[in-house]
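Here's a quick walk through one model, for anyone who likes to see how the parts sit together. Have a look at it first, then read on.

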Amino acid sequence: MSIDWAALGQVFGVTLVVTVGIVGLFTVGIVGTARTTQQEGAAAAAGAPGSGARFGAYAAFAVCAAAVAYGIYLIVAA
């Protein structure tokens with residue numbers, strides 16, 4: 001029995017990068033939806049997200065869901 005260490009290293013590296021990327025995207029989505037928009041008549045707060053930030057957060061959640069669905073597809077199809 002022989003272990004292909006180069007292939008094992010590649011799998012580890014790709015898994016690490018993809019995991020950190022998905023967690024980062026999910027964090028962007030959480031931050032984008034957690035902040036509240038400014039109230040009408042209130043002074044503009046620095047860093048308060050508008051509709052574009054909320055759309056970006058939902059897009060990040062959609063990419064995360066697509067990545068999870070693709071992973072499940074790869075497991076089930078094999």
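## Two helices and what sits between them

The protein's secondary structure amounts to 2 helices and 0 strands; helices (H or I, at least four residues) and strands (E, at least two) are DSSP runs, numbered from the N terminus. Keep in mind that this is a predicted model, where local features need pLDDT of at least 70, side-chain atom pairs count only at pLDDT 80 or more, and totals for chains, interfaces and linings use all residues. Residues are numbered from 1 along each chain as its sequence is written, and side-chain values use heavy atoms, with hydrogens and water left out.

How much of the protein is buried? Of its 78 residues, buried ones make up 8%, where buried means under 20% relative accessible area, exposed over 50%, and partly exposed in between (1.4 Å probe, protein chains only). The accessible surface is about 6,100 Å², and carbon and sulfur atoms account for 72% of that; such areas come from the Shrake-Rupley method with a 1.4 Å probe, and for residues only the protein chains shown count as cover.

Now for helix 2, residues 51-77. Its 27 residues should span 39 Å at 1.5 Å a residue, and the end C-alpha atoms are 38 Å apart, which agrees; the expected span is 1.5 Å times one less than the number of residues. Ala57, Ala60 and Cys64 are the buried residues of helix 2, and they pack against helix 1.

Which residues does cysteine 64 contact, leaving aside neighbours within four places in sequence? They are Ile22, Leu25 and Phe26, with contact meaning heavy atoms within 4.5 Å. Phenylalanine 26, over in helix 1, touches Phe61 as well as Cys64, again not counting residues up to four places away in sequence. Phenylalanine 26 is partly exposed, since its relative accessible area is 41%.

Tyrosine 58 also belongs to helix 2, and with 47% relative accessibility it counts as partly exposed.

| Pair | Separation along the chain | C-alpha distance |
|---|---|---|
| Cysteine 64 and glycine 21 | 43 residues | 9.3 Å |
| Tyrosine 58 and threonine 33 | 25 residues | 8.1 Å |
| Phenylalanine 26 and cysteine 64 | 38 residues | 6.6 Å |

And the outside? Met1, Ile3, Trp5 and Leu8 form a nonpolar surface patch, with about 580 Å² of accessible area together. Tryptophan 5 is found in helix 1 (residues 5-34) and is exposed, with a relative accessible area of 60%.

Key. Patches are made of residues with over 30% relative accessible area and no salt bridge: like charges are joined within 9 Å, nonpolar side chains (Val, Leu, Ile, Met, Phe, Trp, Tyr) within 5 Å. A salt bridge is a side-chain nitrogen of Lys or Arg within 4 Å of a carboxyl oxygen of Asp or Glu.
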